[in-house]
Amino acid sequence: MIERTNEQWLSDLTGPPEVQAPALEDLRQRLQRGIFYYLSRERSDLSHLATHELNHMAEDLAQDATLRVIANLDSFRGDSRFTTWATKIAVRLAISDLRRARYKDFSLDGLTAEGDTLPATSDALASNHSPNPEHATERSDVMLKIDRALDEALTERQRQALTAVALQDVPLEIVAERMGTNRNALYKLLHDARRKLRQHLEAQGLSTDYMLKLFED
Amino acid sequence: MALHEDELRKLINCIVTSHQDDCLDCESCGQQLDCLAELVAQGRSLDDLMPEVTTHLCCCRDCFEEFEALVAILRAEQGGQLDISG
Ligand SMILES: [Zn+2]
């Protein structure tokens, strides 16, 4: 494979077919190797898959990624090496696919269904290992306040999003899709929600430092 | 809605890591990710570079996951480890 400068990549990929075809193939192979490395070495959740299965996944993803890179050539600004920029696109595509597969059955509906969580106070007391009863009371008191703050300070949408992302570790991308919005807008919504929650709790004398201390292990 | 104690800890942590309004969103973060990943793969410290991007990465698991993946691939490439498929 020839090493190309950024300018050569751009001119080859937009050049006449006899120049473009080998450049496309070089790009595809390069992306495939990067994706395969990521899937096989960095994803413990895929360790049950055989090498040929990972290879097959990498091949498909690299094919899609190459098409996406070509469709977005105009947006390459030259801030990095061209191959790094292309790999960034491939990585996003691969991770998106993996997220979608993993959360294909995820629904926001389950998050607000009544009775699917334990009552806060009994749960707090049951899981509270503090030998100090005063401390235990203080903790359950703060838990109730935080619980209430979620209801009082946030909109339904903010509460849903925060619950899914912050508590259940669902990727923003997935939650955004289910909410009919995009990741950027969801990030802003979550940002507002966190700020509102923080202000609401601080207004009741609950600083984040205090709460962190109270609930540290 | 009732919370479990471990959920509560997560929630408090998430509030603590919330930051000022003038920070980046996912889109602007994503635009700078390739450049940042190259520098980090070369050994530069994330904290010294583009603090707004770093702040976003601390608050956004999606962007962080993509950033880490990109850095891992770049490092493997530098170390000649990318020809191991098959
Ligand atoms: Zn982000």
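**Notebook: pockets, zinc site, cysteines, loops**

The model is predicted: local features need pLDDT of at least 70, side-chain atom pairs count only at pLDDT 80 or more, and totals for chains, interfaces and linings use all residues. Residues are numbered from 1 along each chain as its sequence is written, chains are lettered from A and ligands numbered from 1 in the order written, and side-chain values use heavy atoms, without hydrogens and water.

**Pocket**

I noted what a pocket is here: on a 1 Å grid over the protein atoms alone, an open set of points with protein on both sides within 12 Å along at least five of seven lines. Lining residues have an atom within 4 Å of a point. A volume is the space filled by probe spheres set on the points, which are joined across faces, edges and corners.

I found 26 lining residues for the largest pocket, with A:Lys88, A:Ile89, A:Arg92, B:Gly30 and B:Gln31 nearest its centre. Helices α4 (82-102) and α10 (183-203) of chain A and α2 of chain B each supply at least two of the lining residues. Helices here are DSSP runs (H or I, at least four residues), numbered from the N terminus. The largest share, eight residues, comes from α4(A). By class the lining has five nonpolar, nine polar and twelve charged residues. Charged means Asp, Glu, Lys and Arg; nonpolar means Ala, Val, Leu, Ile, Met, Phe, Trp, Tyr, Cys and Pro; the others, Gly among them, count as polar.

**Cavity**

I then searched the whole structure for cavities of 30 Å³ or more and got one. A cavity is a set of grid points where a 1.4 Å probe fits but cannot get out. The largest cavity has a volume of about 30 Å³. Its lining is A:Arg30, A:Gly34, A:Thr87, B:Ile73, B:Glu77 and B:Leu82. I count two nonpolar, two polar and two charged residues there.

**Zinc site**

Which residues hold the zinc ion? I read B:Cys26 (SG), B:His56 (NE2), B:Cys60 (SG) and B:Cys63 (SG), at 2.1 to 2.4 Å. Donors are N, O and S atoms within 2.8 Å of the metal (3.2 Å for Na, K and Ca); water is not among the atoms, so sites may look incomplete. The donor spacing in sequence is C-x29-H-x3-C-x2-C. B:Cys26 in helix α2 (residues 26-41) and B:Cys63 in helix α4 (residues 61-78) of chain B are 37 residues apart, so the pair links distant parts of the chain.

The arrangement is tetrahedral because the four donor atoms subtend angles of 101 to 116°. The cut-off for four tetrahedral donors is all angles between 85 and 135 degrees.

I checked burial next (buried is under 20% relative accessible area, exposed over 50%, partly exposed in between; 1.4 Å probe, protein chains only). B:Cys26 is buried at 3%, B:Cys63 at 1% and B:Cys60 at 1%.

I found zero disulfides over all chains. The test is a pair of cysteine sulfur atoms within 2.5 Å.

**Loops**

I looked up A:Asp169 in the loop between α8 (156-167) and α9 (172-178) of chain A. Its phi is near 60°, a positive value in a residue other than glycine. A:Asp169 is partly exposed, at 33%.

Terms used. Four donors count as tetrahedral if all angles lie between 85 and 135 degrees; four count as square planar and six as octahedral if opposite donors are over 155 degrees apart and all others between 65 and 115; anything else is irregular.
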